[in-house]
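Have the viewer open as you read.

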Amino acid sequence: MSGQPAMSVPLAWNQAGLPLGMMFAAKLGEEGLLFRLAGQLEQVRPWKDRRPPVCA
């Protein structure tokens, strides 16, 4: 509602294998900061190949 850039990044997983998102926000106009942070976090804790389990 404030117009500030924000992102939720899956940095942890619970016992059931579901992602737990961490929320980050930045000052107005600082989207680049969030993209750089996401890139750094992805290098340390990769999530691009992680998928939650399929429930039957």
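Let's start with W47, which, leaving aside neighbours within four places in sequence, is in contact with V9, P10, L11, W13, A38, L41 and E42. Keep in mind that this is a predicted model. W47 is placed in the segment after helix 1. Along the chain, W47 and A12 are 35 residues apart, yet their C-alpha atoms are separated by 9.2 Å.

**The core**

Which residues make up the largest nonpolar core? There are 9 residues in all: M7, V9, L11, W13, A26, L34, A38, L41 and W47. Strand 1 (6-13) and helix 1 (31-44) each supply at least two residues of this core. The largest share, 4 residues, comes from strand 1.

L41 is a handy one to click on. Not counting residues up to four places away in sequence, L41 touches L11, F24, P46 and W47.

The charged end of R50 sits over the ring of W13, 3.7 Å from the ring's centre. As for aromatic pairs, the structure holds 0 of them.

**Helix 1, inside and out**

Helix 1 has 14 residues, and from its first C-alpha to its last it reaches 20 Å, close to the 20 Å expected at 1.5 Å a residue. Its buried residues include L34, A38 and L41. Why do these sit on the same side of helix 1? Because they cover an arc of only 70° around the axis. The buried residues of helix 1 pack against strand 1 and strand 2 (19-25).

F35, which has its place in helix 1, has a relative accessible area of 66%, and since the cut-off for exposed is over 50%, F35 counts as exposed.

**Past the helix**

P53 is also found in the segment after helix 1. Is P53 buried, partly exposed or exposed, and what is its relative accessible area? P53 is partly exposed, at 40%, because that value falls between the cut-offs of 20% and 50%. Leaving aside its neighbours within four places in sequence, P53 is in contact with A16, G17 and L18.

**Sequence versus space**

| Pair | Apart in sequence | C-alpha to C-alpha |
|---|---|---|
| W47 and A12 | 35 residues | 9.2 Å |
| F35 and M7 | 28 residues | 9.0 Å |
| P53 and M23 | 30 residues | 22 Å |

Terms used
Residues are numbered from 1 along each chain as its sequence is written. This is a predicted model: local features need pLDDT of at least 70, side-chain atom pairs count only at pLDDT 80 or more; totals for chains, interfaces and linings use all residues. Side-chain values use heavy atoms; hydrogens and water are left out. Rings of Phe, Tyr and Trp (its six-membered ring) pair if their centres lie within 6.5 Å; planes under 30 degrees apart count as stacked, over 60 as edge-to-face and the rest as tilted. A charge sits over a ring if NZ of Lys or CZ of Arg is within 6 Å of the ring centre and within 35 degrees of the ring normal. A nonpolar core is a set of buried Ala, Val, Leu, Ile, Met, Phe, Trp, Tyr and Cys residues joined through side-chain atoms within 4.5 Å. Buried means under 20% relative accessible area, exposed over 50%, partly exposed in between (1.4 Å probe, protein chains only). Contact means heavy atoms within 4.5 Å. The expected span of a helix is 1.5 Å times one less than its number of residues. The arc is that of the directions from the helix axis to the C-beta atoms.
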